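Please open the structure in a viewer and keep the sequence at hand.

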Amino acid sequence: MEETNRQKKIGGLLQKDLADILQNSLRESGRTGILISVSKVRVTTDLSIAKAYVSIFPSKHQEEVIEEINENKYKIKHEMAQRTRHQLRKMPDLSFFVDDSLEYIDGIEKSIKGKEDPVSNPDLLDKRKKS
């Protein structure tokens, strides 16, 4: 089912603010050398749940950063509610997921450039994780 214009607008608003909040929290915690971005935010039709897909580079820090984000989920939600109080009546519940699309694309590129042919043998590529 396709997202409505309202869902897309709210998702875009949340995406921009979430990226800013997450980058600031990394900077404040003193962690350097980690790049974090919010690649997509999907909002349910009733606007009660927002799923945020987060890309973390380098990928070796993904698990610990996602854990830290999930531990501070309520602080993040509170700050988001403060920023969007004039646009939204109720702040959706936030769920964070690792966006593995960059790794998936990198695997496809390596397979295409290599000797193996993923078109004739699709089992060579790892299956994409579902969130």
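Contact, as the word is used here, means heavy atoms within 4.5 Å. Helices (H or I, at least four residues) and strands (E, at least two) are DSSP runs, numbered from the N terminus. The model is a predicted one: local features need pLDDT of at least 70, side-chain atom pairs count only at pLDDT 80 or more, and totals for chains, interfaces and linings use all residues. Residues are numbered from 1 along each chain as its sequence is written, and side-chain values use heavy atoms, with hydrogens and water left out.

**First stop: helix H1**

Select residues 5-28, which form helix H1 with its 24 residues. From first C-alpha to last, H1 reaches 35 Å, close to the 34 Å expected at 1.5 Å a residue; the expected span is 1.5 Å times one less than the number of residues.

Next, colour the buried residues of H1, among them Gln-7, Ile-10, Leu-14, Asp-17 and Leu-22. Buried means under 20% relative accessible area, exposed over 50%, and partly exposed in between (1.4 Å probe, protein chains only). Against which elements do the buried residues of H1 pack? They pack against strands S1 (35-43), S2 (49-57) and S3 (93-98), and against helices H2 (62-71) and H3 (73-83).

Stay in H1 and select Gln-23. Gln-23 counts as partly exposed because its relative accessibility is 31%. Following H1 is Gly-30, with a positive phi near 85°.

**Second stop: the sheet**

Show S1, S2 and S3 together. They form an open sheet of three strands in the order S1-S2-S3, with mixed pairing. S1 and S3 are the edge strands, each pairing on one side only. Neighbouring strands of this sheet are turned by 30° against each other on average, direction ignored; the axes are lines fitted to C-alpha atoms, for helices over the stretch in contact, and angles run from 0 to 180 degrees between N-to-C directions.

Two strands pair if DSSP finds at least two bridges between them. In which sense do S1 and S2 pair? Their pairing is antiparallel, over eight bridges. To follow it, select these positions in turn:

- Ile-36, which stands opposite Ile-56 in S2.
- Ser-37, whose bridge partner in S2 is Ser-55.
- Lys-40, which stands opposite Tyr-53 in S2.

Select Ala-50 and its bridge partner in S3, Leu-94.

Go to Leu-47, in the loop between S1 and S2. The hairpin of S1 and S2 has five residues between the strands. Leu-47 has a positive phi of about 60° although it is not a glycine. Most residues other than glycine have a negative phi, and most peptide bonds are trans. With 23% relative accessibility, Leu-47 counts as partly exposed.

Now select Phe-57 and Pro-58, which are joined by a cis peptide bond with omega about 0°. Pro-58 lies in the loop between S2 and H2.

Select Gln-62, Val-65, Ile-66 and Ile-69, the buried residues of H2. Seen down the axis of H2, these residues fall within an arc of 100°, so they line one face of the helix; the arc is that of the directions from the helix axis to the C-beta atoms. The face turned away from the buried side carries the exposed residues Glu-63 and Glu-71.

What covers the buried residues of H2? The cover includes H1, S1, S2, H3, S3 and helix H4 (101-113). H2 packs on the sheet, where it touches S1, S2 and S3, and its direction makes about 175° with that of S3.

**Last stop: Thr-84**

Finally, select Thr-84, in the loop between H3 and S3. Is Thr-84 buried or exposed? It counts as buried, because its relative accessibility is 2%. Leaving aside neighbours within four places in sequence, Thr-84 is in contact with Leu-13, Asp-17 and Met-91. Asp-17 is also one of the buried residues of H1.
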